[in-house]
Amino acid sequence: MEADALVRDYLGRLEAAAWPLAADRRGELLVEVREHIESALAEAGNRDEVTARNVLERLGAPEEIVAAEAETGQPAGWMPPSPGPADRRAGWGLIEVGALLFLTVGAIFLPIVGPMVGLVLVWLSTEWTTRQKSIATLIVVILLFLPVLLLLGVSVGSTSSGS
Amino acid sequence: MSIDFLRIFIFLLVPLAGIVAAIYLAVVLRRRR
């Protein structure tokens with residue numbers, strides 16, 4: 001896909017995602033983003049597919065732009081969220097950081113208890129989907145209980161062979 | 001497999017379980033950004 005088609009596709013997605021905004025704001029936003037893309041492409045001095053993809057990637061997903069716009073209602077002259085300040089760097093709240101710390105550092109200093117607390121925090125978080133939470137839980141459960149089961153198997157085996 | 005070997009195995013796997021899960025969750029969260 002060539003650069004122009006990519007940009008058209010992106011702007012189409014942005015327009016579709018921007019339906020919650022007021023009509024005039026939606027139009028402004030589209031113009032601003034289009035201008036930003038054009039100036040970024042001009043600055044790059046290249047109008048190929050890779051450059052266009054990079055520019056669009058740096059801008060972020062259209063849905064994110066609309067969400068940021070709906071939250072802040074920033075006036076004209078707005079700059080794209082990336083690589084700017086991490087205000088929309090969704091996900092890394094206290095619960096998420098705590099969960100990952102308990103799963104990693106906690107697992108070393110508080111064996112069994114650490115990962116369990118980490119998993120509780122994972123399930124309390126709203127940032128991961130139920131599927132992702134289930135996968136993480138399965139990883140912990142399988143890796144934790146596999147050796148315990150093996151150990152039990154060896155203990156039983158050695159007891160029965162000893163008697 | 002000896003019991004000693006399994007003890008070491010457990011000692012390594014307990015932190016590994018959390019670390020693998022944490023890496024997975026961190027990657028998922030980063031990709032979603």
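**Exercise 1. Find the element of chain B that holds B:Ala17, and decide whether B:Ala17 is buried or exposed.**

Solution. Step 1: in this predicted model, B:Ala17 belongs to helix α1 of chain B. Chain B has 1 helix and 0 strands.

Step 1: count the neighbours. B:Ala17 has 25 C-beta neighbours inside 10 Å. A residue is buried if 20 or more other C-beta atoms lie within 10 Å of its own, so B:Ala17 counts as buried.

Step 2: Of the 33 residues of chain B, 27% count as buried.

Step 3: list the contacts. Setting aside neighbours within four places in sequence, B:Ala17 touches A:Ala107, A:Pro115, A:Ile139, A:Val140, A:Leu143 and A:Leu144.

**Exercise 2. State how many residues each chain gives to the contact between chains A and B, and classify the side of chain B.**

Solution. Step 1: chain A gives 29 residues to the contact and chain B gives 22 residues.

Step 1: sort the side of chain B that touches chain A by class. There are 19 nonpolar, 1 polar and 2 charged residues.

Step 2: take B:Leu25 as an example. Not counting residues up to four places away in sequence, B:Leu25 touches A:Leu100, A:Val122, A:Trp128, A:Gln132 and A:Ala136.

**Exercise 3. Describe the largest nonpolar core and name the elements that give two or more residues to this core.**

Solution. Step 1: the largest nonpolar core has 21 residues. Those with the most contacts inside this core are A:Leu103, A:Val122, A:Val140, B:Ala17, B:Ala21 and B:Leu25.

Step 1: assign the core to elements. In chain A, α5 (94-109), α6 (113-124) and α7 (130-162) each give two or more residues, and so does α1 (3-32) of chain B. The most comes from α1(B), with 7 residues.

Step 2: look for a core apart from this one. Another core has 12 residues, among them A:Ile37, A:Val55, A:Leu56 and A:Val66.

Step 3: In soluble globular proteins, nonpolar side chains tend to be buried together.

**Exercise 4. Determine how α5(A) and α6(A) are oriented to each other, and which residues make their contact.**

Solution. Step 1: the axes of α5(A) and α6(A) come within 7 Å and cross at roughly 165°.

Step 1: apply the cut-off. Angles over 145 degrees count as roughly antiparallel, so α5(A) is roughly antiparallel to α6(A). The crossing of α5(A) with α6(A) is left-handed.

Step 2: list the residues. From α5(A) come A:Ile95, A:Gly98, A:Ala99, A:Phe102, A:Leu103, A:Gly106, A:Ala107 and A:Phe109. From α6(A) come A:Gly114, A:Pro115, A:Val117, A:Gly118, A:Leu121, A:Val122 and A:Leu124.

Step 3: sort them by class. The contact of α5(A) with α6(A) has 11 nonpolar, 4 polar and no charged residues.

**Exercise 5. Work out the orientation of α2(A) to α1(A) and to α3(A).**

Solution. Step 1: begin with α1(A) (residues 3-17). The axes of α1(A) and α2(A) come within 10 Å and cross at roughly 155°. That makes α1(A) roughly antiparallel to α2(A), and their crossing is right-handed.

Step 1: name the residues of this contact. A:Ala3, A:Val7, A:Leu11, A:Leu14 and A:Glu15 of α1(A) meet A:Leu30, A:Val33, A:Arg34, A:Ile37 and A:Leu41 of α2(A). By class, the contact of α1(A) with α2(A) has 8 nonpolar, no polar and 2 charged residues.

Step 2: turn to α3(A). The axes of α2(A) (residues 23-44) and α3(A) (residues 49-59) come within 10 Å and cross at roughly 130°. The two helices α2(A) and α3(A) are therefore oblique to each other, with a right-handed crossing.

Step 3: name the residues here too. α2(A) brings A:Ile37, A:Ala40, A:Leu41 and A:Ala44, and α3(A) brings A:Thr51, A:Ala52 and A:Val55. The classes are 6 nonpolar, 1 polar and no charged.

**Exercise 6. Locate A:Pro62, and decide whether A:Pro62 is buried or exposed.**

Solution. Step 1: chain A has 7 helices and 0 strands. A:Pro62 lies in helix α4 (residues 62-72) of chain A.

Step 1: A:Pro62 has 20 other C-beta atoms within 10 Å, so A:Pro62 is buried. Buried residues make up 23% of the 163 residues in chain A.

Step 2: leaving aside neighbours within four places in sequence, A:Pro62 is in contact with A:Tyr10, A:Arg13, A:Leu14 and A:Ala17.

Step 3: check a distance. A:Pro62 and A:Ala18 are 44 residues apart along the chain, and their C-alpha atoms are separated by 8.2 Å.

Terms used: Residues numbered from 1 in each chain as written. Chains lettered and ligands numbered in written order. Predicted model: local features only at pLDDT ≥ 70, side-chain atom pairs only at ≥ 80, totals over all residues. Contact = placed C-beta atoms within 7 Å. Nonpolar A, V, L, I, M, F, W, Y, C, P; charged D, E, K, R; others polar. Core = buried A, V, L, I, M, F, W, Y, C linked by C-beta atoms within 7 Å. Helix = DSSP H or I, 4+ residues; strand = E, 2+ residues; numbered from the N terminus. Axes fitted to C-alpha atoms, helices over the stretch in contact; angles between N-to-C directions. Parallel < 35°, antiparallel > 145°, perpendicular 65-115°, else oblique. Left-handed = near helix turned anticlockwise from the far one by under 90°.
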